[in-house]
Amino acid sequence: MSKIMRNSEVPQYSDRADVIIIGYGIAGACAALEARRAGAEVLVIERAGAGGGSSALSSGLFYFGGGTDVQHAAGYEDSAENMYRFMATCMGIEQADLIRRYCDDNVAHFNWMEAQGVPFERTYFPGKAVFLLSTEGLMSTGNEKVWPFREIATPVPRGHQVAREGESPGGGAMEPLLARCEEAGVRNSYDSVATALICDDAGGVCGVAIRQAGVTKFYAANRGVIVATGGFGMNRQMLAEYFPNLPETAQPLGTPYTDGSGIQLGKAVGAATQGMDGMIATASIYPPGQLIKGIIVNLQGRRFVAEDSYHGRTAAFIMEQPKTRAYLIVDAEVFSYPETVTAHHTLIDGFESIEEMEARLALPTGSLAETLADYNLHAAEGEDPMFHKHPDWLKPLDKAPWAAFDISFDRSNYLYITLGGLKIDRHARVLNRGGEPIQGLFAAGACTAHIPRDGKSYASGMSLGPGSYFGRVAGRMAAGKSGLTD
Ligand SMILES: Cc1cc2nc3c(=O)[nH]c(=O)nc-3n(C[C@H](O)[C@H](O)[C@H](O)COP(=O)(O)OP(=O)(O)OC[C@H]3O[C@@H](n4cnc5c(N)ncnc54)[C@H](O)[C@@H]3O)c2cc1C
């Protein structure tokens with residue numbers, strides 16, 4: 001069935017709402033609340049039997065900052081300007097208008113999330129972790145302390161974690177948001193998959209075709225349609241197109257419905273996409289933090305990344321190395337097993353000499369010895385002239401025996417989410433290939449291009465944070481109001 005239909009082809013509409021939202025994850029729920037509160041009749045179409053999506057499965061980290069109460073309670077000063085400087089430098093100046101809007105509204109947006117009942121503790125986790133099983137409200141989740149970013153903006157932690165123990169704190173955000181939607185009178189159509197967008201004669205989007213229990217139905221949208229269907233990590237065809245070299249060991253994160261259907265719906269009505277070859281993959285060497293004091297080398301025995309980088313940044317550099325191979329090298333003082341067991345970083349062996357290790361890893365003779373000699377010389381002075389690893393993580397690796405872990409992209413288990421999607425502007429309007437907004441069509445969340453385009457610039461929380469914010473913007477815009485700040 002075609003993913004686009006003309007209004008004139010619709011036999012009969014079986015329902016009608018001012019705003020129709022496809023997908024009930026974080027972006028869809030935030031959009032629904034704002035649209036409803038702006039006075040619109042709202043209908044959410046959701047393929048699963050309940051709302052939540054991948055958002056409910058997530059680690060519940062939101063990238064918030066600019067001076068939230070949680071940051072203040074932990075003793076950190078931040079500002080919209082400081083946050084903007086970091087994000088624009090690290091994540092890409094070409095997204096400056098979205099970043100500016102996100103940063104300027106961030107404290108207000110954090111307060112809004114709390115007002116909906118999403119809980120954040122006033123506590124701080126000072127260690128290095130990818131996600132928490134405990135409930136601390138704040139941790140560092142990006143490259144803020146990594147060179148050169150630490151010299152451009154004052155580094156502060158911005159990973160705000162929902163206060164819920166266990167592996168899926170994201171559920172602690174989705175439950176109150178969905179409850180608020182229900183209280184506000186948002187209607188929903190569960191077990192319904194959106195199969196086509198319906199366009200009027202002028203090409204504007206005015207409805208949605210759905211399949212429900214084997215029956216096709218048509219819903220009319222008086223004011224607008226919001227696509228909030230998540231990423232495409234579960235779509236093998238799209239993965240083959242955009243990531244042709246993805247190893248079998250790499251695994252997508254998310255529900256089975258994270259299959260890019262909303263991106264395809266948008267493309268069918270002329271939407272542009274952006275950054276489709278971007279992903280954040282992770283198989284972190286930390287925790288424990290002490291492993292960051294090791295070095296990471298490629299098949300040439302050379303370092304290629306500051307080892308204190310955010311785990312997604314390290315992974316992105318590993319993916320670029322010859323054969324995507326990389327080894328973590330530690331000495332006896334730093335040795336520990338990586339705690340993220342899902343990463344499957346295997347210990348290759350312990351070695352009494354660097355020469356022995358070079359031979360076992362098949363590195364060019366003398367290469368690792370030279371890399372280590374140079375690294376140790378400068379580390380003893382608290383310096384890393386090559387990659388500017390922070391002095392907190394520098395120490396000479398000179399205590400035998402040494403050990404090597406295989407952290408190669410194709411030999412460990414990297415988990416990933418896709419970052420590309422529909423192109424939107426700062427008002428969450430979907431743009432066509434000519435850069436013009438498509439009338440009546442809005443989008444937010446992981447079906448749109450994330451602000452960070454790759455793992456090098458990603459920070460944990462950059463999906464839920466902007467997804468929730470631009471979801472709200474989309475909701476207001478589709479309901480005919482202006483965005484949050486304008
Ligand atoms: C284990 C895990 C941990 C993560 N941790 C974090 C984290 O801590 N911080 C962070 O920022 N990100 C994290 N992510 C990524 C993040 O959760 C997602 O990118 C984000 O939740 C996407 O939100 P969304 O609203 O765009 O999509 P989703 O939450 O996936 O919601 C999309 C909804 O649309 C529905 N849908 C899809 N297609 C259709 C269709 N055709 N018709 C009708 N309905 C449809 C789906 O069923 C789904 O309910 C994590 C992901 C996972 C899986």
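## Contacts around Ser457

Two residues are in contact when heavy atoms of theirs lie within 4.5 Å. On that basis, and setting aside neighbours within four places in sequence, Ser457 of this predicted model is in contact with Cys90, Met91, Asn143 and Pro452. Ser457 belongs to the loop between strand E21 (437–443) and helix H14 (464–478).

Is Ser457 buried or exposed? The relative accessibility of Ser457 is 5%, and the limit for a buried residue is under 20%, so Ser457 counts as buried. Its side chain also makes a polar contact, at 3.0 Å, with the side chain of Asp454.

In soluble globular proteins, nonpolar side chains tend to be buried together. In the present model, the largest nonpolar core has 144 residues, and Met87 and Leu177 have the most contacts inside it. The element that gives the most to this core is helix H1 (residues 26–37), with eight residues.

Which residues does Met87 contact, once its neighbours within four places in sequence are left aside? They are Tyr63, Gly92, Ile99, Tyr102, Cys103, Ile451 and Met462.

## Surroundings of the ligand

The shell around the ligand has 17 nonpolar, 17 polar and two charged residues. Of the 36 residues around the ligand, those that come nearest are Glu46, Ser55, Ala446, Ser463 and Leu464.

In Ala194, a polar backbone atom is 2.9 Å from a nitrogen atom of the ligand, and in Gly60 one is 3.4 Å from an oxygen atom of the ligand. The ligand taken alone exposes 1000 Å², of which the protein buries 92%. Two or more residues of the shell come from each of H1, helix H2 (53–57) and strand E8 (192–199). H2 gives the most, with four residues.

## Helix H10 and its cover

Helix H10 spans residues 261–268, and its buried residues are Ser261, Gly262, Ile263, Leu265 and Gly266. The elements that cover these buried residues include strand E2 (15–22), E8, strand E10 (215–227), helix H9 (236–242), strand E12 (273–274) and strand E19 (421–422). Just after H10, Gly270 takes a positive phi of about 100°.

Ile152 lies in helix H7 (residues 149–152). With a relative accessible area of 34%, Ile152 is partly exposed. Not counting residues up to four places away in sequence, Ile152 touches Arg85 and Thr89. How far apart in space are Ile152 and Ile198, which are 46 residues apart in sequence? From C-alpha to C-alpha, Ile152 and Ile198 are 47 Å apart.

Lys293 is placed in the loop between strand E13 (279–282) and strand E14 (295–297). The relative accessible area of Lys293 is 27%, so this residue is also partly exposed. Leaving aside neighbours within four places in sequence, the contacts of Lys293 are Val334, Tyr375, Lys389, Asp392, Trp393, Lys395 and Leu397. Lys293 and Pro126 are 167 residues apart along the chain, and their C-alpha atoms are separated by 17 Å.

Key. Residues numbered from 1 in each chain as written. Predicted model: local features only at pLDDT ≥ 70, side-chain atom pairs only at ≥ 80, totals over all residues. Heavy atoms only, no water. Core = buried A, V, L, I, M, F, W, Y, C linked by side-chain atoms within 4.5 Å. Buried < 20%, exposed > 50% of the residue type's maximum accessible area, 1.4 Å probe, protein only. Near = heavy atom within 4 Å. Polar contact = N/O pair within 3.5 Å; in protein donor to acceptor, adjacent residues only side chain to side chain. Areas by Shrake-Rupley, 256 points an atom, 1.4 Å probe, with all protein chains shown as cover. Nonpolar A, V, L, I, M, F, W, Y, C, P; charged D, E, K, R; others polar.
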